[in-house]
Amino acid sequence: MPELPEVEITARLIGAALMGAEVESVLTPGINALRSFDPPLTAIEGTTVTGVGRRGKLFVIDFDDRLHMLIHLMSAGRLQLFDTRASLRDRTSRLLLRLVDGRELRLREFGTKQAAWVKLLTADGLAAEETLATLGPEAYPDPPLLRPLLDAPRPLHALLRDQRVIAGIGRSWVDEILHGAKLSPFKRGSELSDEEAERLCDAIVEQLGRALAHYEEHIELPIPDKLPMPLRIHRRNGEPCPRCGTEIEAVFYEDYVMCYCPTCQTDGKVLKDRRLSRLLK
Ligand SMILES: [Zn+2]
């Protein structure tokens with residue numbers, strides 16, 4: 001699941017390689033991932049890539065500084081740049097951006113769900129785009145003061161993943177961040193002391209920064225199908241906590257798992273029952 005560090009490293013690498021490249025054509029094979037109709041996709045043919053950026057977990061690619069492509073990978077998408085063109089029979093392809101120099105930027109999606117989407121927008125359209133307008137402040141590199149932001153009677157695990165509260169954190173990195181801050185995933189935002197809010201803020205910077213540094217060192221183009229996420233807590237249930245050696249516990253939800261160290265985070269309490277965690281939601 002691509003979150004802020006995964007989207008950021010992709011934007012950095014692809015951005016550096018793609019600046020100034022001229023667009024030959026655009027295709028949306030198979031299931032149409034395009035969620036906008038005006039301007040038409042053909043409007044970027046003949047334009048030049050002038051920027052590749054990130055907002056929360058979304059990409060924004062600029063063409064001639066006047067057209068903007070917004071891409072959301074959802075849970076299983078990848079944005080990859082290749083030196084050669086894909087076979088149109090590649091069923092993972094959702095968008096093929098063909099460049100005059102022969103390279104191809106590909107939005108691919110793995111797994112059974114087809115949820116990744118693309119919008120082509122004008123500058124006004126981008127400014128009015130609801131997905132971006134409702135995003136909270138960026139979690140990295142300078143998260144805002146968390147105290148007023150997280151002041152809600154909701155568990156931190158849910159609050160930190162809420163893109164309207166703070167943008168970029170998802171199900172993987174939230175476990176690393178809360179472990180780093182030694183905070184229970186069930187603690188409510190409104191119960192945070194100033195000192196805890198500060199610790200949480202530091203943990204966000206530290207964990208997302210650690211991920212990015214790891215990717216900077218280990219990833220190059222083309223972006224691999226599966227990123228080597230340096231996770232220490234998430235999906236490590238049953239393994240020893242890297243800080244204290246206690247066995248990492250997990251709470252299983254319908255479509256994800258929350259992991260934590262009882263000693264470091266919940267005063268030794270093991271909260272396995274998902275019905276209990278639902279009540280706390
Ligand atoms: Zn521990």
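Start by selecting lysine 119 and tryptophan 117: the lysine lies over the face of the tryptophan, 5.3 Å from the ring centre. A charge sits over a ring if NZ of Lys or CZ of Arg is within 6 Å of the ring centre and within 35 degrees of the ring normal. Before moving on, know that this is a predicted model: local features need pLDDT of at least 70, side-chain atom pairs count only at pLDDT 80 or more, and totals for chains, interfaces and linings use all residues. Residues are numbered from 1 along each chain as its sequence is written, and side-chain values use heavy atoms, leaving out hydrogens and water.

Next, pick proline 39, in the loop between β1 (23-27) and β2 (49-55). Helices (H or I, at least four residues) and strands (E, at least two) are DSSP runs, numbered from the N terminus. Look at the bond joining aspartate 38 to proline 39: it's a cis peptide bond, with omega about 0°.

Now jump to proline 222, in the loop between α7 (194-218) and β9 (249-252). The peptide bond from leucine 221 to proline 222 is cis too, with omega near -5°.

Stay in the loop between α7 and β9 and select arginine 235. Its phi is positive, near 60°, though it isn't a glycine. Is arginine 235 buried or exposed? It's exposed, at 57% relative accessible area (exposed means over 50%, buried under 20%, partly exposed in between, with a 1.4 Å probe and protein chains only).

Last stop: tyrosine 253 and tyrosine 256, both buried.
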